[in-house]
Amino acid sequence: STLDRSSAASDVYKRQVRIPGTRLSLIKTKMLPNDKRDIEAMLSRGLGAAVLSTLPLEYGIHYASNIINIVFAVIFTTIFINSILLFIYSHRRGHQP
């Protein structure tokens with residue numbers, strides 16, 4: 001299905017592009033390994049998706065508001081998950097972020 005392909009593409013992007021790119025950009029920094037892992041754990045915020053989700057409304061496509069609602073729900077969910085993950089990771093290390 002389309003959702004399965006989208007999920008697979010997202011997973012490939014995360015494993016093949018985002019995490020290695022983050023590690024590469026942090027090679028010469030003097031950050032602690034735990035801090036680097038926190039940066040890798042950060043999920044995308046979806047600003048591009050939010051902006052693009054308004055295009056169907058601009059073009060007068062039926063049910064475009066549903067697309068916007070779904071996109072914003074996904075963005076807020078990823079922000080919520082990210083907050084929980086950072087909270088858990090910081091408490092495993094014994095300090096708060």
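Visitor: What covers the buried residues of α5?
Guide: In this predicted model, the cover includes α2 (33-41), α3 (47-52) and α4 (55-58). The residues of α5 that are buried are Ala64, Ile68, Val71, Ile75, Asn82 and Ser90.

Visitor: How do you know that the length of helix α5 agrees with its number of residues?
Guide: Helix α5 has 29 residues, 64-92, and at 1.5 Å a residue these should span 42 Å. The C-alpha atoms at its ends are 42 Å apart, so the two values agree.

Visitor: Why is Ser53 called buried?
Guide: Buried means under 20% relative accessible area. Ser53 has 3%, so Ser53 is buried. Ser53 sits in the loop between α3 and α4.

Visitor: Which residues does Ser53 touch, leaving out those up to four places away in sequence?
Guide: Ser53 touches Ile67, Ile68, Val71 and Phe72. Two of the names, Ile68 and Val71, are also among the buried residues of α5.

Visitor: What makes the approach of Ser53 to Ala50 a polar contact?
Guide: The cut-off for a pair of N or O atoms is 3.5 Å, with one able to donate a hydrogen and the other to accept it. A polar atom of the Ser53 side chain lies 2.7 Å from the backbone oxygen of Ala50, and 2.7 Å is within that cut-off.

Visitor: Why is Leu55 called partly exposed?
Guide: Leu55 has a relative accessible area of 36%, so it is partly exposed. Leu55 belongs to helix α4. Its C-alpha atom is 9.3 Å from that of Ile68, 13 residues apart along the chain.

Visitor: How many aromatic pairs does the structure hold?
Guide: The structure holds 1. Phe72 and Phe76 form this pair, and it is tilted.

Visitor: Where is confidence lowest and where is it highest?
Guide: Confidence is lowest in helix α1 (residues 2-25), with a mean pLDDT of 66, and highest in α4, at 88. The chain averages 76.

Conventions:
Residues are numbered from 1 along each chain as its sequence is written. This is a predicted model: local features need pLDDT of at least 70, side-chain atom pairs count only at pLDDT 80 or more; totals for chains, interfaces and linings use all residues. Side-chain values use heavy atoms; hydrogens and water are left out. Helices (H or I, at least four residues) and strands (E, at least two) are DSSP runs, numbered from the N terminus. The expected span of a helix is 1.5 Å times one less than its number of residues. Buried means under 20% relative accessible area, exposed over 50%, partly exposed in between (1.4 Å probe, protein chains only). Contact means heavy atoms within 4.5 Å. Rings of Phe, Tyr and Trp (its six-membered ring) pair if their centres lie within 6.5 Å; planes under 30 degrees apart count as stacked, over 60 as edge-to-face and the rest as tilted. pLDDT is the predictor's confidence in each residue, from 0 to 100.
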